[in-house]
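Visitor: I have a chain open here and would like to go through it with you. Can we start with the overall fold and then pick out some residues?

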Amino acid sequence: MNKKVCEGTTIYYADEGKGDSVIVLLHGFCGSSAYWDDVIPLLSTHYRCIVPDLRGHGQSDAPKGAYSMEEMADDVLNLLMELDIPQASLFGHSMGGYVALSAVQRHPERFHAFGLIHSTAHEDTEEGKEKRLKAVSTIETEGITAFVDGMVPGLFAPQHLETMADKVIKAKEIGYATPPQGAAGAALAMRERPDRRDVLTATPLPVLLVAGEHDQVVPAARTFTADKSNIQQSIISGAGHMSMMEAPQELAKVIKGFLEGLAG
Ligand code: MLT
């Protein structure tokens, strides 16, 4: 892993592949850049892949207190600036998609295209906002391990809990390494994020929306909120919320096809 100090925040990142075409892959809540381990080798043959640990996650700084999607997005924008990358294509998994929407809304000129992978432009429901507070309380009282043990099984398609037990363990181990204050800070950031469906309807940029057939966290209807000629909707059959681990070949194929379509 590499690291850069971005406006005072240390951000770790993987930097794989060469070339002028840069793609940035953002992980979800209690994940890290390692969520993308199976996808990076499939994409780095064609693209330079920048894959950060978002603030509060992996090895990156995890300041105390509530975060915001804007701060998390600014870390990514600052990292790209530090790396002299003026424009990239940005793909965010779940929470990473919320971060991507904040970045694209405020700095569309920095992106060729963007994608939401098992994510949504909706804000949290009232029930969802309550669950964020419960999550923070569980993290603080029972610890990150108990919280992650409760969360991770719901991320996978039910049939994969047995058939992909090694991947479930890997997702848990990545989650256990999340600094508790980072997980709490990010949960509060997700709770406060606004509805950004208007970003999808208004953007002229090419957009990729990916849903998992068996996603129990973000159902396809919450991902596919906009239907326009610049928006590609794709379903990964058999996958839950974690296609980068459950179906890396299929996800990489969808991302590559989307990017090749832009070039043509
Ligand atoms: C994630 O995977 O990032 C989370 O499930 C997103 C969320 O809880 O909204």
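Visitor: How many helices and strands does the chain have?

Guide: This is a predicted model, and its chain has 12 helices and eight strands.

Visitor: And what is the radius of gyration of the chain?

Guide: The radius of gyration is 17 Å, close to the 18 Å that the globule rule gives for 264 residues, so the chain is as compact as a globular protein of that length. Along the principal axes, the C-alpha atoms fill a box of roughly 50 × 45 × 35 Å.

Visitor: What share of the residues is buried?

Guide: Buried residues account for 56% of the 264 in the chain.

Visitor: What about contacts between residues at least 6 apart in sequence?

Guide: Of those contacts, 77% join residues at least 24 apart.

Visitor: Charges next. How many positive and negative side chains are there?

Guide: There are 23 positive and 35 negative side chains, and the centres of the two sets lie 1 Å apart.

Visitor: Which residues does UniProt list for a domain?

Guide: An unreviewed UniProt entry lists residues 22-248 as "domain: AB hydrolase-1". In the model, residues 22-248 are 44% helix and 15% strand, with the end C-alpha atoms 19 Å apart.

Visitor: Now single residues. Where is F29?

Guide: F29 sits in the loop between β3 (22-26) and α1 (40-43). F29 and I40 are 11 residues apart in sequence, and their C-alpha atoms are 19 Å apart in space.

Visitor: Is F29 buried or exposed?

Guide: F29 has a relative accessible area of 12%, and the cut-off for buried is under 20%, so F29 is buried.

Visitor: What does F29 touch?

Guide: Setting aside residues up to four places away in sequence, F29 touches Y35, H57, M95, F147, M151, A183, A186, A187 and M190.

Visitor: Take A187 from that list. Where does A187 lie?

Guide: A187 is in helix α8, residues 180-192. Its relative accessibility is 1%, so A187 counts as buried. Beyond its neighbours within four places in sequence, A187 is in contact with F29, R132 and V136. A187 and C30 are 157 residues apart in sequence, yet their C-alpha atoms are 9.4 Å apart in space.

Visitor: Changing topic to backbone angles. What is the phi of E7?

Guide: E7 has a positive phi of about 50 degrees, although E7 is not a glycine. E7 is in the loop between β1 (2-6) and β2 (9-16).

Visitor: Buried or exposed, that E7?

Guide: The relative accessible area of E7 is 70%, and exposed means over 50%, so E7 is exposed.

Visitor: And what about the phi of H118?

Guide: H118 is not a glycine either, and its phi is positive at about 50 degrees. H118 belongs to the loop between β6 (111-117) and α4 (126-142). With 0% relative accessibility, H118 counts as buried.

Visitor: Last one, S243. Where does S243 lie, and what does S243 touch?

Guide: S243 lies in helix α11, which covers residues 243-246. Apart from residues up to four places away in sequence, S243 touches I117, H118, I236, P248 and L251.

Visitor: Is S243 buried or exposed?

Guide: S243 is buried, with a relative accessible area of 0%.

Definitions and conventions: Residues are numbered from 1 along each chain as its sequence is written. This is a predicted model: local features need pLDDT of at least 70, side-chain atom pairs count only at pLDDT 80 or more; totals for chains, interfaces and linings use all residues. Side-chain values use heavy atoms; hydrogens and water are left out. Helices (H or I, at least four residues) and strands (E, at least two) are DSSP runs, numbered from the N terminus. The radius of gyration is taken over C-alpha atoms; the globule rule is 2.2 Å times the number of residues to the power 0.38. Buried means under 20% relative accessible area, exposed over 50%, partly exposed in between (1.4 Å probe, protein chains only). Contact means heavy atoms within 4.5 Å. Lys and Arg count as positive and Asp and Glu as negative; His and the chain ends are not counted. The place of a charge is taken as NZ of Lys, CZ of Arg, CG of Asp or CD of Glu. UniProt positions are given in the numbering used here, feature names are shortened, and annotations may be inferred rather than shown by experiment.
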